[in-house]
Amino acid sequence: MPIATLGAVVLECPDPLALARFYAAVIGGTIKGDSDSRWVDLVDAPGTPLAFQAAPGFVPPQWPRPDSSMQFHLDLAVEDLDAAEREVLALGARPLDTEDRKRSFRVYADPAGHPFCLCAC
């Protein structure tokens, strides 16, 4: 029997509201919090809820770096990799590992530097 259930995935970042807006545009949902908040929730999106916490001195993970922790990454399922790529890049994502166009996934960084994958899986 489990002890707990997963309540949310929390991403530390320099600007919680800005990062919540990015993910709301990518996966949907409603933002709960404002520009003065050190914590912002993204609710009503399909899947596990996301939350964003202000982290003074935040240093983004590096992809791929064997001498640096990636910390974690999100896998986001999409129907069309090319279309999804255009949209996340327009929202401020940065490509990290997208050269192999035959793979079923591509790796990007969100505006705060967290890695995420678009997956046609």
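Colleague: What percentage of the residues in the chain is buried?

Modeller: This is a predicted model, and buried residues make up 33% of its 121 residues.

Colleague: How compact is the chain for a globular protein of that length?

Modeller: Begin with the elements: there are two helices and eight strands, in the order β-α-β-β-β-β-α-β-β-β along the sequence. The radius of gyration is 15 Å, close to the 14 Å from the globule rule for 121 residues, so the chain is as compact as a globular protein of that length.

Colleague: Which residues touch the most other members of the largest nonpolar core?

Modeller: In soluble globular proteins, nonpolar side chains tend to be buried together. Here the largest nonpolar core has 24 residues, and Leu 19, Tyr 23, Leu 50, Phe 52, Phe 116 and Leu 118 touch the most other members. Elements giving two or more residues to this core include β1 (9-13), β4 (50-54) and β8 (115-119). The largest share, six residues, comes from α1. Beyond four places in sequence, the contacts of Leu 50 include Val 9, Leu 11, Tyr 23 and Leu 74.

Colleague: Where does Asp 110 lie, and is it buried or exposed?

Modeller: Asp 110 is in the loop between β7 (105-109) and β8. Asp 110 is buried without a salt bridge, and the nearest side chain of opposite charge, Arg 94, is 7.3 Å away.

Colleague: Which side chain makes a polar contact with that of Asp 110?

Modeller: Tyr 23, at 2.9 Å. Not counting residues up to four places away in sequence, Asp 110 also touches Leu 11, Leu 19, Phe 22 and Phe 116.

Conventions. Residues numbered from 1 in each chain as written. Predicted model: local features only at pLDDT ≥ 70, side-chain atom pairs only at ≥ 80, totals over all residues. Heavy atoms only, no water. Core = buried A, V, L, I, M, F, W, Y, C linked by side-chain atoms within 4.5 Å. Buried < 20%, exposed > 50% of the residue type's maximum accessible area, 1.4 Å probe, protein only. Helix = DSSP H or I, 4+ residues; strand = E, 2+ residues; numbered from the N terminus. Contact = heavy atoms within 4.5 Å. Lys, Arg positive; Asp, Glu negative; His and termini not counted. Salt bridge = Lys/Arg side-chain N within 4 Å of Asp/Glu carboxyl O. Polar contact = N/O pair within 3.5 Å; in protein donor to acceptor, adjacent residues only side chain to side chain. Rg over C-alpha atoms; globule rule 2.2 N^0.38 Å.
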